[in-house]
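Welcome! Here is a friendly briefing for a first look at this structure, grouped by topic.

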Amino acid sequence: MNKTPWAPGAAALADAARALATIVVEGRSSDAALSPYESSAHRAAVRAITLGSVRWYLRLAPAVDSLLTRPKGVAAALHALLVASAHQIEYSRNPPQVTVHAAVDAARILKEERATGLVNAVLRRFVGERAALLAGVDSKLAARTAHPAWLVERLEQAWGSASAAILEANNAHPPMVLRVDLTRQGRDQYLSELQAAGIAARPLSWLATAIELDEPIAVSALPGFAEGRVSVQDAGAQLAAPLLAAEPGMRVLDACAAPGGKTGHLLERTPGIAELVAVDIDAQRVGRIEDNLRRSNRTARLVVADVRRPERFWDGRPFDRILLDAPCSSTGVIRRHPDIKLLRRRADVPALAAAQLEILRAAFGLLGPGGRLLYCTCSVLPDENQAVVERFLAAVPAARTVPLPPAEELAPGALAQGAGVQLLPGTQAGSDGFYYACLEKTTAGT
């Protein structure tokens, strides 16, 4: 029996509208927007509605706006409610009339009592006319795929006909991929544990540490997660540690290290590392590194600092290996973070590329002769990847590229791009989009 006067689902829809408005109007991330609802009884529903609405916002909002006399005159939360409800009507299994009923009550929860008639009328029209409304929106590729026009343009410039698969992959629900700590158990052994627990999964043939679940589940339900025997990490990200190729006795720097997945993998893969220093500029995110290391019972020296200011954490002793996971547009992980579509702007890319080059130069200065730096991003835009590496190599005589394994051997569908390798979302590997390039410090020019 319903314990509230509201229609079933109305409270979740209202909270999703609040979260969506926070993302769209205030420009906050989906994680920040959803954090107030983490302890809510309808947390899962709020999250699903919000992320789905964000994923398809640039397709749904124009259709909704065409039904409003003055779209910009509608309060932010109310407009978000209309878009979230349109998402439920178009993409969920709920009967449309149930969503309309819940949306009217959600307007009351949002203290928009006077707008209940508007909500009812607009959504009923959307139900009846949505095929024609969306057909009009879908005449443009950017709107049809719910991407900003500038990003569609950049993807087409970079990848030509392959950009269609990237756009499609960005709107897919991402797989949940695990990294097995092979120092504690074999992958087949862990697969048997999953099977015994009734969790369907399969090994990834091209990556010895990776397992993909048939369906995402709570990490608390994963055997061995609390003890650190397994971690959640995309398959593309799991390439970083083996490509860095750290060896026992080496000093290693993990620059821009949060949230610590790669830090943990480095320690798993090379238990004899002499010292691993993990640096990140964000104190809260460094706390996440600490949590992840504590769970796996591993240690590193954690530092809150900007890599561009090494005097704050560097004692002058050179590093043998440096992993630089540079801050980027995150255009390779849109399927996991659909808010990137709404938050990222065209002007961000050159600004990020300039920062990446600055960080790369600072980090490279901490290497000893013969030391290697692995530059990586989760971007699919060449301006942030091979272009940055090429600019760096042209300016730093002491740097040279180290050949990576052939792209086709590294991951299915991977592409050689300049000095590095690019993984694209939507290819045979099934991973997120990542770029990797390895640089070595010589004595030339020093």
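The largest nonpolar core has 56 residues, and L155, W206, L239, V252, L374 and Y436 touch the most other members. A nonpolar core here is a set of buried Ala, Val, Leu, Ile, Met, Phe, Trp, Tyr and Cys residues joined through side-chain atoms within 4.5 Å. Buried means under 20% relative accessible area, exposed means over 50%, and partly exposed lies in between (1.4 Å probe, protein chains only). The model is predicted: local features need pLDDT of at least 70, side-chain atom pairs count only at pLDDT 80 or more, and totals for chains, interfaces and linings use all residues. Residues are numbered from 1 along each chain as its sequence is written, and side-chain values use heavy atoms, with hydrogens and water left out.

- V252 is in contact (heavy atoms within 4.5 Å) with L244, A246, L266, I273, E275, L276, V277, F319 and R321, leaving aside its neighbours within four places in sequence.
- A second, separate core has 53 residues, including I23, A33, L67 and V122.
- As a general background, nonpolar side chains tend to be buried together in soluble globular proteins.

- Two packed helices are described by the angle between their axes and the distance between the axes.
- Axes are lines fitted to C-alpha atoms, for helices over the stretch in contact, and angles run from 0 to 180 degrees between N-to-C directions.
- The axes of α4 (residues 57–65) and α5 (residues 76–91) cross at roughly 110° and come within 9 Å.
- This makes α4 roughly perpendicular to α5; angles under 35 degrees count as roughly parallel, over 145 as roughly antiparallel, 65 to 115 as roughly perpendicular and the rest as oblique.
- The crossing of α4 and α5 is right-handed; a crossing is right-handed if the near helix is turned clockwise from the far one by less than a right angle, and left-handed if anticlockwise.
- On the α4 side the contact is made by Y57, R59, L60, A61, V64 and D65, and on the α5 side by H79, L82, V83, A86, H87, E90 and Y91.
- By type, the residues of the contact of α4 with α5 are eight nonpolar, two polar and three charged; Ala, Val, Leu, Ile, Met, Phe, Trp, Tyr, Cys and Pro count as nonpolar, Asp, Glu, Lys and Arg as charged, and the others, Gly among them, as polar.

**Helix α1 against helix α3**

- Helix α1 (residues 10–26) packs with helix α3 (residues 43–55) at an angle of about 45°, and their axes are 8 Å apart.
- That angle makes α1 oblique to α3.
- The crossing of α1 with α3 is right-handed.
- α1 brings A12, L13, D15, A16, A19, L20 and I23 to the contact, while α3 brings A45, V46, I49, T50, S53 and V54.
- The contact of α1 with α3 divides into 10 nonpolar residues, two polar and one charged.

**Backbone details in the loops**

- Most residues other than glycine have a negative phi, and most peptide bonds are trans.
- The peptide bond from A258 to P259 is cis, with omega near 5°, and P259 sits in the loop between β5 (251–255) and α13 (261–269).
- C256 is also in the loop between β5 and α13, and its phi is near 55°, a positive value in a residue other than glycine.
- C256 counts as buried because its relative accessible area is 16%.
- N297, in the loop between α14 (283–296) and β7 (301–304), has a positive phi of about 60° although it is not a glycine.
- N297 counts as exposed because its relative accessibility is 68%.

- A210 is in strand β3 (residues 210–213) and counts as buried, at 0% relative accessibility.
- The C-alpha atoms of A210 and Q238 are separated by 7.9 Å, though the two are 28 residues apart along the chain.
- E268 is in helix α13 and is buried, with a relative accessible area of 5%.
- Leaving aside its neighbours within four places in sequence, E268 is in contact with R179, V180, D181, T183, S231 and R298.
- S92 is in the loop between α5 and α6 (96–109) and is partly exposed, at 24% relative accessible area.

Note on methods: Helix = DSSP H or I, 4+ residues; strand = E, 2+ residues; numbered from the N terminus.
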